[in-house]
Amino acid sequence: MVSSGTATVELPTDEQILIRREFDAPKHLVFKAYTTPELVKRWWSGQRGEVTIAEIDLRVGGKWRYVMVAGEGFEVAFHGEYREIVPDERLVSTEIYEIPDQGDSPPTVNTATFTETDGRTTLTVLVECPTKELRDTIIDSG
């Protein structure tokens, strides 16, 4: 297990990443921060750059896409499709890294669950990769 701030990262299998983070907020607000473009722009890049595009079509079959300009000036983009949506409870979507001049990465399937206890929310994200190599690449990217 690895800890980064209040987040923990585990590797349950060779193809999985499990991330947990607790927030001092009710789950409906954490879900809103996770699914509202204006709010995603405020947190998604962390300290790595600025989110310039956050598009979210929040419906099963709907697409999402985030673009960030990293601190070094290069553009990083990801996109995917929503497979399951249970408001304030669960989101399942694909995630694809857009690799400049190389095409797209293989998709991961990400399942985010929002669990509230005493007004605090635990966000759990299970990232399922098609290969150990992709999992390791994601882990190595920080």
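Student: Before I count elements in this model, what are helices and strands taken to be?

Tutor: Helices (H or I, at least four residues) and strands (E, at least two) are DSSP runs, numbered from the N terminus. By that reading the protein chain has three helices and 10 strands, and from the N terminus on their order is β-β-β-α-α-β-β-β-β-β-β-β-α. This is a predicted model, in which local features need pLDDT of at least 70 and side-chain atom pairs count only at pLDDT 80 or more, while totals for chains, interfaces and linings use all residues. Residues are numbered from 1 along each chain as its sequence is written, and side-chain values use heavy atoms, with hydrogens and water left out.

Student: What share of the residues counts as buried?

Tutor: Buried means under 20% relative accessible area, exposed over 50%, and partly exposed in between, with a 1.4 Å probe and protein chains only. Of the 142 residues of the protein chain, 33% count as buried.

Student: How do I read strand pairing, and which strands does S10 pair with?

Tutor: Two strands pair if DSSP finds at least two bridges between them. Strand S10 (120–128) pairs with S3 in the antiparallel sense over eight bridges, and isoleucine 19 stands opposite valine 125 in S10. S9 and S10 are also antiparallel, with nine bridges, and valine 109 has glutamate 128 in S10 as its bridge partner. Strand S2 (residues 7–10) and strand S3 (residues 16–23) run antiparallel as well, joined by four bridges, with threonine 8 opposite arginine 20 in S3.

Student: Where do hairpins occur, and how many residues lie between S9 and S10?

Tutor: A hairpin of S9 and S10 has two residues between the strands, and aspartate 118 in its turn has a positive phi of about 50°. That residue is exposed, with a relative accessible area of 79%. Another hairpin joins S2 to S3 through five residues. A positive phi is also found at aspartate 88, about 65° although this residue is not a glycine; aspartate 88 lies in the loop between S6 and strand S7 (90–99) and is partly exposed, with a relative accessible area of 27%.

Student: Which residues of helix H1 are buried, and where do they lie around the axis?

Tutor: The general idea is that an α-helix has 3.6 residues a turn, so residues three or four places apart point the same way. In helix H1 (residues 27–35) the buried residues are Lys27, Val30, Phe31 and Thr35. They cover an arc of only 125° around the axis, which puts them on the same side of H1; the arc is that of the directions from the helix axis to the C-beta atoms.

Student: What makes up the largest nonpolar core, and which element gives the most to this core?

Tutor: A nonpolar core is a set of buried Ala, Val, Leu, Ile, Met, Phe, Trp, Tyr and Cys residues joined through side-chain atoms within 4.5 Å. The largest one has 23 residues, of which Ile56, Trp64, Tyr66, Leu91, Ala112 and Phe114 touch the most other members. The elements giving two or more residues to this core are H1, strand S4 (49–56), strand S5 (63–70), strand S6 (75–86), S9 and S10, and S5 gives the most, with four residues.

Student: What does phenylalanine 114 touch?

Tutor: Contact means heavy atoms within 4.5 Å. Not counting residues up to four places away in sequence, phenylalanine 114 touches several residues, including Lys27, Val30 and Phe31, as well as Asp88 and Leu91.
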